[in-house]
Amino acid sequence: MAPVVPRSGDAVFANVERVNAELFTLTYGAIVRQLLTDLEEVEEVNKQLDQMGYNIGVRLIDEFLAKSNISRCVDFKETAEVIAKVGFKMFLGVTATVTNWDVEGTTCSLVLEDNPLVEFVELPDTCQGLYYCNILSGVVRGALEMVSMKTEVSWVRDMLHGDDAYELRVKLIKQVPEEYPYKDDE
Amino acid sequence: MIGVGGKIKQYSSVLEKPLSKGRQEVSLSAFAFLFSELVQYNQTQVDNIAELERRLEDAGYAVGARVLELFCHREKGNRRETRLLGILSFVHTTVWKVLFGKVADSLEKGTEHEDEYMISEKELLVNRFISIPKDMGTFNCGAFVAGIVRGVLDNAGFPAVVTAHFVPMEGQQRPRTTILIKFADEVLRREARLV
């Protein structure tokens with residue numbers, strides 16, 4: 001079955017309260033600098049950013065579902081389209097494209113050409129191993145986990161490393177079946 | 001995986017990029033989520049409230065330093081304020097407007113001390129989604145904004161101590177936030193000479 005073409009997130013983005021992207025960008029920069037000072041190891045910073053993103057994703061999915069009117073996606077292909085066209089738009093005001101599907105339809109790439117996190121950013125030589133936007137991969141992973149999809153998300157291309165775009169590889173590990181009836185809290 | 005051959009590097013340095021007009025926006029929730037992570041992370045790094053506020057202020061300071069440079073260039077035709085009232089109104093008007101989408105509610109001079117000024121905001125953006133648990137006393141996330149203000153002032157040559165406080169408002173459920181700016185002696189001495 002061909003995936004339903006999801007509507008774009010433009011209308012949702014137009015209706016949510018917005019803030020200046022530079023405040024967001026500079027605040028994120030402050031976080032990354034604090035982590036670099038505290039943790040010293042670039043690897044540890046990557047981990048911490050991913051963890052912060054995960055925490056955000058877990059909470060963000062509620063707002064996403066509440067405001068976007070998106071109901072259950074039929075398959076992972078539709079899920080990816082919704083993330084790219086509605087999710088990114090709704091929160092960051094940019095859209096991603098979905099490409100590079102594998103034959104099983106379980107791995108794809110989200111490609112971002114515009115990325116509000118990296119305005120004014122240049123990686124110094126000492127931070128070459130840093131995935132500056134690693135918070136995004138955590139967000140995607142956390143949000144998908146809340147809709148029963150276990151995924152692995154990793155960076156393939158990064159403009160701060162000299163590539164021509166940002167590319168997130170999203171791999172569906174397994175779909176956790178929902179249990180019904182839900183257990184009451186004991 | 002990153003760094004395979006055939007790289008296309010669009011700009012060799014961030015300074016070669018054209019300066020954006022600064023009109024791009026992200027959703028308020030994206031910022032709120034991010035800010036909440038900043039606070040929560042810093043909570044794991046400290047064992048008292050004062051230290052937590054200091055760390056948030058540090059993070060804000062770094063933002064302020066950049067904001068000064070960026071806005072002086074873009075909004076003020078590369079001119080920087082050199083007078084006390086000039087720089088205060090730059091913070092209250094230009095900085096607030098670009099960062100928070102509105103001019104700050106009020107800018108006042110302290111009545112008791114010559115070196116004190118206050119910027120007040122009925123609902124400070126960073127406090128919108130925050131409630132302070134009782135055991136955290138006078139903690140105020142506005143420390144981050146206080147840091148931004150200090151970053152701007154300090155880098156413009158007006159060293160000051162900047163703190164954020166809640167001020168209860170009659171007939172209002174939520175207190176307003178006042179950013180208290182106490183300038184260093186040297187600033188006032190210089191200002192006096194300039195008159």
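Q: How many residue pairs are in polar contact between chain A and chain B?
A: This is a predicted model, in which local features need pLDDT of at least 70 and side-chain atom pairs count only at pLDDT 80 or more, whereas totals for chains, interfaces and linings use all residues. Residues are numbered from 1 along each chain as its sequence is written, and side-chain values use heavy atoms, with hydrogens and water left out. A polar contact is a pair of N or O atoms within 3.5 Å, where within protein one must be able to donate a hydrogen and the other to accept it, and residues adjacent in sequence count only if both atoms are side-chain atoms. Between chain A and chain B, with both residues at pLDDT 80 or more, the number of residue pairs in polar contact is 15.

Q: Which element gives the largest share of the side of chain A that touches chain B?
A: Helices (H or I, at least four residues) and strands (E, at least two) are DSSP runs, numbered from the N terminus. The elements of chain A that give two or more residues to this side are β1 (18-20), α2 (21-39), α3 (42-68), α4 (76-92) and β4 (149-157). The largest share, 14 residues, comes from α2(A).

Q: What area is buried between chain A and chain B?
A: Buried area is the accessible area (1.4 Å probe) that two parts lose on being put together, summed over both. Carbon and sulfur atoms give 61% of the area buried between chain A and chain B, which is about 4,200 Å².

Q: Which residues of chain A lose the most area to chain B?
A: Three residues together account for 14% of what the chain A side buries. They are V19(A), L23(A) and Q34(A).

Q: Which residue of chain B forms a salt bridge with E17(A)?
A: A salt bridge is a side-chain nitrogen of Lys or Arg within 4 Å of a carboxyl oxygen of Asp or Glu, and the count between chain A and chain B is 4. In the one formed by E17(A), the closest N and O atoms are 2.7 Å apart, and the partner is R128(B).

Q: Which residue in β1(B) is the bridge partner of R18(A)?
A: Two strands pair if DSSP finds at least two bridges between them. Strand β1(A) is joined by 3 bridges to β1 (residues 25-27) of chain B, and the two run antiparallel. The bridge partner of R18(A) in β1(B) is S27(B).

Terms used. Chains lettered and ligands numbered in written order.
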